[in-house]
2 protein chains.
Amino acid sequence: MNTGKRIEGVLAPVITPFNADMSPNVEKYVAHCKWLLANGCDGLAVFGTNSEANSLSVEERMMLLEALVDGGIDPAVLMPGTGCCALTDTVKLTSHAVKLGVAGAMMLPPFYYKNPSDEGLFRSYAEVIEKVGDDRLRIYLYHIPPVAQVGISLNLIEMLLKAYPKQTAGIKDSSGDWNNTDAMLKAFKEDFDVFAGNELILLANMRGGGVGCITATGNINPGPIHHLWENWKSDEADSLQASVTDFRKAVQQFPMIPALKTTVAHFSGDPAWKTLRPPLMGLSAEQEAALIAELEKRGFNMPALAA
Amino acid sequence: MNTGKRIEGVLAPVITPFNADMSPNVEKYVAHCKWLLANGCDGLAVFGTNSEANSLSVEERMMLLEALVDGGIDPAVLMPGTGCCALTDTVKLTSHAVKLGVAGAMMLPPFYYKNPSDEGLFRSYAEVIEKVGDDRLRIYLYHIPPVAQVGISLNLIEMLLKAYPKQTAGIKDSSGDWNNTDAMLKAFKEDFDVFAGNELILLANMRGGGVGCITATGNINPGPIHHLWENWKSDEADSLQASVTDFRKAVQQFPMIPALKTTVAHFSGDPAWKTLRPPLMGLSAEQEAALIAELEKRGFNMPALAA
């Protein structure tokens, strides 16, 4: 960040639309990003797990990021995922993103080799910081052990904060374990921005000193989640939390990435949105009908989606 | 393969030497590959797990593969690893390798998204085959669930053999579970070449109808392993197996990749060989001394290594 004030609020890990040949559909992508920002997202965590980013090449991610900036989106609201298995890929993506002026880089640890030591992961982040060599770099560690298998320990955060206090800006905690989020909030306080990995614990995260959430369902329900974030100190905060929790729980009965794409496809009338890169598979017809029924029961719509 | 006869024997997943700045040392790499072929390896499974291939970018792998061919190594002995998380990366690496005339591509499934369905993995391999679109492509599925977490089931092999009998050439089974190797040998017979993932089960694999092994310790002990492979029908086979088993067990007391690099560094007198890309870390001084003692106890040397 150039302003000194770091990004906060509700960020969506933006889903990535594909053409029939599985190339990214750039136009649709930019339009969805603009819709998200116009409808409640404070920022965009493009190239997260829910973006199928790990199914995209380095070049595809760079091309899409450039398309967003060229399309008029302020890079200061962007937090692209740049963490890959290969050190060289992470350095390349991160350098590129920082040069474009993004708010920060959401960075998975290298996740192929399992059970790395904290020292090994520290060296990995340190190498990226040194090789990128740009004072503007702000890293948001990406802790998602259920998928990456390789996680971020409190000890590692402490090592990074000590060596690189400016670059180590925060974390997305997608452990699904409130006790872990809570422990980070208590251990690191002001110097380190904790984003909850979903909105189920958004209010608890804010009350504990966190700064927001980065959530899959931000792709389809950004308004109410942002409203909760904005009003977390108000009397209605608990009831706002209950409402977004109810929505989230309805959606997460289904595999998340196809559920998000199916929702956008259905409510925008564009079935091509359902296209996934393998190994992901779409919902069955039964799942799709059940998902849409859950959403309609809640009066859900997506006004002027991707218009 | 162009000859109709597929690659077999003992293959090493070649370790990758790095310079101090962590770029690959091309000269040292080509020299080590030539040493392996001169000292017992029947082929080179470059860019395997033990090659730190998942810490290399697509461009680095292509550059190294070209350096081997330019350096005079027959591409028909090469089985490069080409399976990445991203479909586009796997297609690019595989196309490049096939065009160079390699024996086959050792292909991890996309391994970021966990618990994919067999149908999703089938679609992934099918997309690669269709997009590469080259009749010479031979795929060796890479089953290494302890690391990749995403594995290759018998059902998936059956689906692939049915749809793509020519391209589905075989498997490297690094499950570490003989029952799994045995089940594959019994299920698929002639049409499908089973490489054991290490030499501990090389003799059993050959007796069961397999074609060889792709093994980490092939980097340092290729001669005796090849000798066992060549003489698996002989009376001395069990004692040859016992000997390579003893060697392997001595080495695998230590973390494998740093152990291999430390061995080459020590016996070639070139400490730079110990350099690893993070998140991997080197052996401690105690581990290094213990490893070298184990090797010396066995009269180990590496004649004219990387000369």
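This is a short tour of a predicted two-chain model, stop by stop.

**Before you start**

Residues count from 1 along each chain as its sequence is written, and chains are lettered from A, with ligands numbered from 1, in the order in which they are written. Because the model is predicted, local features need pLDDT of at least 70 and side-chain atom pairs count only at pLDDT 80 or more, while totals for chains, interfaces and linings use all residues; side-chain values use heavy atoms, with hydrogens and water left out.

Colour by pLDDT, the predictor's confidence in each residue, from 0 to 100. Chain A averages 96. In that chain, 97% of the residues score at least 70. The model has an ipTM of 0.96 and a pTM of 0.96.

**Stop 1: both chains together**

Superpose chain A on chain B. A rotation of 180 degrees does it, with 0.0 Å of shift along the axis and an RMSD of 0.0 Å. The two copies are therefore related as by a two-fold rotation axis.

**Stop 2: the interface**

Select residues in contact across the chains (heavy atoms within 4.5 Å). You get 44 residues from chain A and 44 residues from chain B. The same surface serves both copies, as 100% of the contact residues of chain A recur in chain B.

The buried area is about 3,400 Å². This is the accessible area (1.4 Å probe) that two parts lose on being put together, summed over both. Carbon and sulfur atoms give 63% of it. Now pick A:Y112, A:Y113 and A:P279. In chain A these lose the most area to chain B, together 24% of what that side buries.

Next, look for polar contacts. The rule finds 20 residue pairs across the interface, both residues at pLDDT 80 or more. A polar contact is a pair of N or O atoms within 3.5 Å; within protein, one must be able to donate a hydrogen and the other to accept it, and residues adjacent in sequence count only if both atoms are side-chain atoms. Salt bridges between chain A and chain B number zero.

Show helices (DSSP runs of H or I, at least four residues). On the chain A side, helix 2 (58–70), helix 3 (87–100), helix 4 (118–132) and helix 5 (145–148) each give two or more residues. Helix 4 of chain A gives the largest share, seven residues.

**Stop 3: a salt bridge in chain A**

Select A:K92 and A:E59. They form a salt bridge, with the closest N and O atoms 3.7 Å apart. The rule asks for a side-chain nitrogen of Lys or Arg within 4 Å of a carboxyl oxygen of Asp or Glu. A:K92 lies in helix 3 and A:E59 in helix 2 of chain A, so the pair ties together parts that are 33 residues apart in sequence. Over all chains the count is 32 salt bridges.

**Stop 4**

Most residues other than glycine have a negative phi, and most peptide bonds are trans.

Go to A:P279 again. The peptide bond from A:P278 to A:P279 is cis, with omega near 20 degrees. A:P279 sits in the loop between helix 11 (256–268) and helix 12 (285–297) of chain A. In chain B, a cis bond joins B:P278 and B:P279, with omega about 15 degrees.

Finish at A:F47. Its phi is positive, about 70 degrees, although A:F47 is not a glycine.

Key. Copies are superposed by least squares on the C-alpha atoms of residues with pLDDT of at least 70 in both.
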